[in-house]
Amino acid sequence: MADAAFKDLVIDATDGPTLAAFWSGALGLRSRPAGDSAAEFVLEDDVPQHTVWINQVPEPRTVKQRVHLDLHATVDELRALGATPEVAREDWTVMRDPEGGELCAFPHRAATVGGYRLYALVVDSADPAAASSWWGERFGVEPKRYSDRPWYRLEPGGGLPWLMLFIPVPEPKTVKNRIHWDVWGETESFLDAGATLLMGRADSPDPHVFWDVLADPEGNEFCVFRPEQ
């Protein structure tokens, strides 16, 4: 049984307008300013779980991102929006967004998926079996291993709206993730399962903060919103 449901994605940016324009086109979402801010944006369509917040931050990207997005899109489409191709793989291409963040283009279904183009949320992991199991328990989804490689996946269902992949990497996490996800749930249930509280809503200097910031057992940041909010 799920004790959480996916809420939305958050992408950090040093240039909010530029990255909002890119991800709006790449994901097939409308873009609008977030409140009175000229640097932060909300990307959305008619499905609440598709929402992406572009969050302005002072620090630039410095290392490979441990969380990235896979898209049903062609290289040419993403290049026209400002992405740069880097490495061609079996049936996908690794690219970089205008701020250097990694993403992958999967063109084989680009013409058939409609407006919304997110294929998967990909998480680098020291122990992908354990990481996928932990999040699978939160979302109420049974993790599955690929038959030909040590990758684990959570398929859409329960509290998860799309594919989530956990990929083994040798390097440890060293900086705050520039892409994170928000969930609906109770902070206490995450803490009981092994999450760490990074900042509680009561401790935030911003009176408009009504969520708790946590880290999963591998250190990936996520925010918890109570269902009644």
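1. Gly140 follows helix 3 and has a positive phi, near 75°. Helices here are DSSP runs of H or I with at least four residues, strands are runs of E with at least two, and both are numbered from the N terminus. The model is a predicted one, in which local features need pLDDT of at least 70, side-chain atom pairs count only at pLDDT 80 or more, and totals for chains, interfaces and linings use all residues. Residues are numbered from 1 along each chain as its sequence is written, and side-chain values use heavy atoms, with hydrogens and water left out.

2. Helix 3 itself covers residues 128-139. Its 12 residues should span 16 Å at 1.5 Å a residue, and the end C-alpha atoms are 16 Å apart, which agrees; the expected span is 1.5 Å times one less than the number of residues. The buried residues of helix 3 are Pro128, Ala131, Ser132, Trp134, Trp135, Gly136, Arg138 and Phe139. Buried means under 20% relative accessible area, exposed means over 50%, and partly exposed lies in between (1.4 Å probe, protein chains only). An α-helix has 3.6 residues a turn, so residues three or four places apart point the same way.

3. Helix 1 (residues 16-27) has 12 residues and reaches 16 Å from its first C-alpha to its last, close to the 16 Å expected at 1.5 Å a residue. Its buried residues include Leu19, Phe22, Trp23 and Leu27. Just after helix 1 comes Gly28, with a positive phi of about 75°.

4. The protein chain as a whole has four helices and 16 strands. Its radius of gyration is 17 Å, and a compact globule of 229 residues would have a value near 17 Å, so the two agree. This radius is taken over C-alpha atoms, and the globule rule is 2.2 Å times the number of residues to the power 0.38. Along the principal axes, the C-alpha atoms fill a box of roughly 50 × 45 × 35 Å.

5. Of the 229 residues, 48% count as buried. Contact means heavy atoms within 4.5 Å; among contacts between residues at least 6 apart in sequence, 62% join residues at least 24 apart.

6. His180 is found in strand 13 (residues 179-185). His180 is buried because its relative accessible area is 10%. Not counting residues up to four places away in sequence, His180 touches Asp8, Leu9, Val10, Glu221, Phe222 and Cys223. His180 and Val123 are 57 residues apart in sequence, and their C-alpha atoms are 9.8 Å apart in space.

7. Thr187 lies in helix 4 (residues 187-192). At 5% relative accessibility, Thr187 counts as buried. Leaving aside neighbours within four places in sequence, Thr187 is in contact with Arg201, Asp212, Leu214 and Val224.

8. Asp46 lies in the loop between strand 3 (41-44) and strand 4 (52-56), and Asp46 is exposed because its relative accessible area is 71%. From C-alpha to C-alpha, Asp46 and Asp124 are 30 Å apart in space, and they are 78 residues apart in sequence. Gly219 is found in the loop between strand 15 (212-215) and strand 16 (221-225). Gly219 is partly exposed, with a relative accessible area of 23%.
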